[in-house]
Each structure stands twice: as structure tokens, then as C-alpha cells.
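Please read the points with the structure open.

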Amino acid sequence: MPWMFRFWALPHQLPPARADWRTWVILGGRGAGKTRAGAEWVRAMVEGSCAGDPGRARRVALVGETIDQVREVMVFGESGILACTPPDRKPEWEAGRRRLVWPNGAVAQVFSAHEPDSLRGPQFDAAWVDELAKWRKAEEAWDNLQFALRLGDHPQQVVTTTPRNVAVLKQILAAPSTVVTTAPTEANRAHLAESFLQEVQARYAGTRLGRQELEGVLIADAEGALWTTAMLEACRIGTPPRLDRVVVAVDPPVTGHGRSDACGIVVAGAITDGGPADWRAVVLEDASVEGASPVEWARAAIAARDRWGAERLVAEVNQGGDLVETVLRQVDPLVPFRAVRALRGKGARAEPVAALYEQGRVGHVRGLGRLEDEMCRMTARGYEGPGSPDRLDALVWALTDLVLEPAARFRRPRVRAL
């Protein structure tokens, strides 16, 4: 039983049921069990029913960032091929030729992505690619591997990687012949030290880096985005400081049903000591709700106001008009409310807010991952993500109300009467 992986593997570690795939991409957080899944897939491809019987694959490419990493992780690692293989089928490592040879004659050849041309000439019927997203010559090495994967009736390859926003990975994911499984670090907690989980979750949970490294989510920044992942990680703060003003901004959906856009609800506060150039803002919470009725999102917005002691709600009324205020007052007749109307496009409204971030005048608490995803897809040309950036719209209204509009009034010259 210890060698029969399919009986105790986690769901994301098992090959897809679909048979016609060419590339299986396993996206996972750190320690999610990606390496074990890749090693067991190689075993399943090369081993036959008995130790000497042929398997489905006889020529396998093992490709990592460097030869050392392939050897130490994919071959000799604790979750590598040798550790996963029963004694009667264990392959022999031929160090001089950089390859594994199984008792049934199957061979796995080791390659470094730093040397893409080494993949010219050999040919294979299977391949395991590890941590492709961090290869420096990823596109060239990947392309050469595709030309080499030409043996057998249906050559296949597995990619095990923590996701990163690199072009080659996005191209692979978009291919019709690619299937994807994902898993967070948490999924494999039974095989991880509890202290490790506590430490990384305390440090990175609720951040964009955490979404990438712990949740296995591909974090993509649009080309020319007004915000970048690096910019947002640089503005991360711990405990919020004492704030002079707090508002809740609402970007309500046009309709209220299960397929509606989200209702963007963002809480932010500001420190307004000194002149306008000294004012700072902190984004405190993304309380957005999806598929909510008007009364449900109104309750969520007022609950956020109560949690943070906000002085008022700021809501866009382009779509709902007076109905937005009416719905809010159904929940709380005395709620302080300010209606705002968008007169410019989303990109134009977002640019002055992005400038506050560039000046280092905005801080983010943790737990704003979905809001930050929308921010990194907003460009001066407009939003380049799926759906509508409702969370971002609410953020823009909040920081405009807290910082930009008061600063404009502060700087406006006074006209003296004659």
C-alpha cells in the first residue's frame, strides 16, 4: 500500500480524467505536494505491471532550472523519484550520463533550463518540468522541449510549479491541450511542520505574495498597470495607526441577483495632520459582497461602517440614482450619506489615486487580495480583467473623498470680495 499512490494521493496530485491532454500543469503553493505528484506520474508512465514489464513511456525528460536542482529535488529529494519507487523497480542513477535507468529499460534524462540547446537532438515520449515559472530562459527551454516530445502515440508532459506572472506560463495555461490542477499549501498540511504553517501564514496570509506562494494563485499584472504587485507589497502595514477620518465607499451593482457584479464595499481612513502633502491614507477592509440583493449589500455596507466607526458612506449613483440612498436608508434611516457621480472613465478616475501610492501615501492591511488583483489589472486605457472592477471603483471613491477632494479644496485660492 505505501507504493500505491493513487489510493492515498490528494485530489490535485492525481492525473486528470480527461485523456486527450498534452500538458498537465500543477499549480500549488509552497509545500503543496507538487514534487510528489510529478515523481509519481513519472513512475506511473515508466513502470509496467511487473518490475521488468514495459510501461507507457520509455524515454523521459526531467527538466529543472539547473542540473543540481533536478538531481537534488526531482531525483534524490524526499519526494523525488527514488524515494517514491519500491525497491524491486528502483532505477539506477548514472551520474556520468545524468540519467536514471529502470530495470525494464526505461530511461529518464536530466536537463538544465539554463542550457536550452541541450534539448536539441534527444527525443522523448514523456517529460516532467519543475518550477518552470522561475526559469531565466523559460521560453527557449520550453520551446526546445516541445520539439523533442515526439515519440509514441500521445506524448505528454507534467509541469509542477508555484505560479508566477511570466509569459510562457500564461501561454501554456491558455493552450486548449492543457489541463490544470491547483492546491494551496494548506492542502498538504498533514506532511508539513505545524510551525512552518503558522510562521508563513502569520507573515504572508492576506497578501498578494501569500496568494501566489501559499494559495497557488497566478497573480498577473496587466501591461502598463497603474499598480504593480511590488508597489502593493511595499505599502503593506501591520496595525493601522490612529486615523482622523474613516469612510465606507460603495460601488453598487446595476442589478441584485446571483449573476450580478459584486457590490464593491471598501473601508479606508486618513491621517490629515499638516498640509495636504502630509496626508496619509490606510485601506482597512474589503467588505465587498457578490450576488447580493440591494438590501443585503446595504446591510453589509452599514455593518462595515459600524465595525470601523466610519463617519459616512460614499456611494456612486450613476446606475441606481436616488435608489441607492433609498435602499441604504431602509436599513438605517439616519446613515450619513454622500452621493458621488462618475463623470470620467475608470482609468482617468484611478490615475490620481495611483499617484498617491507612488508617493508612498497609502498603506494596506492584509486581507485585500481580491481588491489588489483588480488594482493590478487597471491601466490608463481601462480595466484589462474579467468582469467589472467594483472593488477598485469603491477604493477610488474612498481615497478621493478622504484625500484628493479635501486637498483640492485646501489648495483652491480664495477670492476676496471688493
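**Cavity, pockets and cysteines**

1. The structure has 1 cavity of 30 Å³ or more. On a 1 Å grid over the protein atoms alone, a cavity is a set of points where a 1.4 Å probe fits but cannot get out, while a pocket is an open set with protein on both sides within 12 Å along at least five of seven lines; lining residues have an atom within 4 Å of a point. Grid points are joined across faces, edges and corners, and a volume is the space filled by probe spheres set on the points.

2. This is a predicted model, in which local features need pLDDT of at least 70 and side-chain atom pairs count only at pLDDT 80 or more, while totals for chains, interfaces and linings use all residues. Residues are numbered from 1 along each chain as its sequence is written, and side-chain values use heavy atoms, with hydrogens and water left out.

3. The volume of the largest cavity is about 40 Å³. Its lining is made by Glu 47, Gly 48, Cys 50, Ala 51, Arg 89, Trp 102, Pro 103 and Asn 104. By class these are 4 nonpolar, 2 polar and 2 charged residues. Ala, Val, Leu, Ile, Met, Phe, Trp, Tyr, Cys and Pro count as nonpolar, Asp, Glu, Lys and Arg as charged, and the others, Gly among them, as polar.

4. The largest pocket has about 780 Å³ of volume. It is lined by 32 residues, and Gly 31, Gly 33, Lys 34, Thr 35 and Ser 79 lie nearest its centre. Two or more lining residues come from each of α1 (34-46) and α2 (67-75), and α2 gives the largest share, 4 residues. Helices (H or I, at least four residues) are DSSP runs, numbered from the N terminus. The lining has 11 nonpolar, 11 polar and 10 charged residues.

5. The second largest pocket holds about 610 Å³ of space. Of its 30 lining residues, Glu 40, Trp 41, Ala 44, Met 45 and Arg 56 are the closest to its centre. Here α1 provides the largest share, 6 residues. The lining divides into 16 nonpolar, 5 polar and 9 charged residues.

6. How many disulfides (pairs of cysteine sulfur atoms within 2.5 Å) does a search of the whole structure find? It finds 0. For Cys 235, the nearest cysteine sulfur is that of Cys 376, 9.8 Å away.

Terms used. Disulfide = S-S within 2.5 Å.
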